[in-house]
Amino acid sequence: MFSGCSVSSLAARFAFFPPDPPTYSVKKDDGGRLAASGVPRDHSMDVLVLDTKHGNKIVAFYLKNPCARLTVLYSHGNAADLGRLYDLFVQLKVNLRVNLMGYDYSGYGASTGKPSEYNTYADIEAVYQCLQTEYGISQEDLILYGQSVGSGPTLHLAARLPRLRGVVLHSAILSGLRVNINKIKKVKCPVFAVHGTEDDVVNWLHGHGLWKLAKEPYEPLWIKGGGHCNLELYPDYIRHLRKFIQEMENITTATRLKKIRQTLKSPTKPAATTSTAMTTTFTANYLQNYLTPSTVLKCCMRIESIGNQLSGMAKSNTNDAKVLIRSLRSAYAATPISLKIIDLYVVYAITSAVIQVVYMGIVGSFPFNSFLSGVLSCVGTAVLAVCLRIQVNKENKEFKDLPPERAFADFVLCNLVLHLVIMNFLG
């Protein structure tokens, strides 16, 4: 059915295989606080042991980000535990600006019990209850993330939370565990799917099939050449995931603005009368019978209400602009220093061209050939610098085989040719 990746073969591959031995253990420190050995000591992380309704005790890590507006509940894939995932959790917490809760299924890591499909359902329910009671996180501020077999418990919980903010399906299984096909149809929030096209464990068609069945599918990410366990190594992964998180952060503001615009829609205008006398009579009667002090007061209150709504909308737009600026600053902060130097050079060249144009406009007697040569020099070198930036940017896969030294040599050569042409133009 799925290019040789049948349900029976998936069942064989996804019999639960917890790491043996576990990569960490849980014990109390000198202060009586739970800590995990085998992972770095992190004061921004809480180590939790939670009881499930099936009588198991599962371990969870809660990583706090003071700048977070949303929380991600991460259900990991097979043959992994929290000790192996700690570094990834830290990177996601910082790069996505979220709180992150990760947990081990029953029988994984330091969690007790035996791994099974139904135990994973009880596990994620216990973790969600902890987020509600211990950290005050509601479903409106929660994004569920399911990787591989983690798509099972993720969709199980997502189908039960009608006001959930979003869902991420990472190398998800269409029907390997049981009824993901039925559960995805009950999810009422945006669903973002990411899958590698060369996944030889769970065929790409599984992720694509679930995405197509979603009620509110978000722009997916099909990573060309990506496998089953290496998608985090691709730059597109974190970039696209960050975009999804940021849009989920702004979804409440967008919804509120939509409602305000609906309330401000003008009522239908009455049809115009053809008789001037009838209009005059109607106006006189209206002024006499209906324009009372109480109606005037109601009208003023309505105008004030509309004014408040417009003021609120203006504030919301201002907040949206601030969020956008912060997002751009955050994204540019991760830009390599070499690219920032090229950006400064481009700004310098364009600024020099603008200054020459302004000077020519004011003075007017500047030799035209010299003026034009100067502008061409600045604009031309700025264009060449932009080309250099594109070539040395490691995220542009088209130039991945081009060494930065070769790109810079081409930049110098092209500048030399450009200025030889300009010198010839000057005569």
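Which residues of α4 are buried? They are S151, G152, P153, T154, L155, H156, L157 and A158. Helix α4 is mostly covered, with 8 of its 8 residues buried. Buried means under 20% relative accessible area, exposed means over 50%, and partly exposed lies in between (1.4 Å probe, protein chains only).

**Model and confidence**

This is a predicted model: local features need pLDDT of at least 70, side-chain atom pairs count only at pLDDT 80 or more, and totals for chains, interfaces and linings use all residues. Residues are numbered from 1 along each chain as its sequence is written, and side-chain values use heavy atoms, with hydrogens and water left out.

The mean pLDDT of the protein chain is 82. Of its residues, 74% reach 70 or more. Here pLDDT is the predictor's confidence in each residue, from 0 to 100. Over residues 1–13 the pLDDT is below 50. Beyond near neighbours in sequence, that stretch has 22 contacts in the model. A contact means heavy atoms within 4.5 Å. Residues 286–291 also stay under 50 in pLDDT. For them the model has 4 contacts beyond four places in sequence.

**Overall build**

The protein chain has 13 helices and 10 strands. These are DSSP runs, numbered from the N terminus: helices are H or I with at least four residues, strands are E with at least two. Of the 427 residues in the protein chain, 41% are buried. Among contacts between residues at least 6 apart in sequence, 69% join residues at least 24 apart. The accessible surface comes to about 23700 Å². Carbon and sulfur atoms account for 61% of that surface. Accessible areas come from the Shrake-Rupley method with a 1.4 Å probe; for residues, only the protein chains shown count as cover.

**Nonpolar cores and a surface patch**

In soluble globular proteins, nonpolar side chains tend to be buried together. A nonpolar core is a set of buried Ala, Val, Leu, Ile, Met, Phe, Trp, Tyr and Cys residues joined through side-chain atoms within 4.5 Å. The largest such core has 37 residues. Within this core, L73, M101 and V167 touch the most other members. At least two core residues come from each of β3 (45–51), β4 (57–63), β6 (99–103), α3 (117–135), β7 (142–147), α4 (151–158) and β8 (166–170). Helix α3 gives the most, with 5 residues.

A second, separate core of 36 residues includes M45, V72, L96 and Y234.

On the surface, I350, V354, V358, Y359, I362 and V363 form a nonpolar patch. Together they have about 550 Å² of accessible area. Patches are made of residues with over 30% relative accessible area and no salt bridge: like charges are joined within 9 Å, nonpolar side chains (Val, Leu, Ile, Met, Phe, Trp, Tyr) within 5 Å. I350 sits in helix α11 (residues 337–363). I350 is partly exposed, at 40% relative accessible area.

**Salt bridges**

The structure holds 13 salt bridges. A salt bridge is a side-chain nitrogen of Lys or Arg within 4 Å of a carboxyl oxygen of Asp or Glu. The table gives some of them.

| Pair | Closest N and O atoms |
|---|---|
| D46 and K64 | 3.4 Å |
| R97 and E249 | 3.0 Å |
| K243 and E219 | 3.0 Å |

D46 lies in strand β3 and K64 in the loop between β4 and β5 (71–75), so the pair ties together parts that are 18 residues apart in sequence. D46 is buried at 14% relative accessibility, whereas K64 is partly exposed at 32%. R33, D46 and K64 are linked in a network of salt bridges.

R97 and E249 link distant parts of the chain, 152 residues apart. E249 is in helix α7 (residues 235–249). E249 counts as buried at 3% relative accessibility, while R97 is partly exposed at 22%.

K243 is also in helix α7, and E219 is in the loop between α6 (204–213) and β10 (221–223). These two are 24 residues apart. K243 is partly exposed at 33%, and E219 is partly exposed at 42%.

**Backbone geometry**

Most residues other than glycine have a negative phi, and most peptide bonds are trans. A cis peptide bond joins D20 and P21, with omega about 5 degrees. P21 lies in the loop between α1 (7–13) and β1 (25–28). R97 has a positive phi of about 55 degrees although it is not a glycine. R97 is in the loop between α2 and β6. A79 has a positive phi near 55 degrees. A79 is in the loop between β5 and α2, and is partly exposed at 38% relative accessible area.
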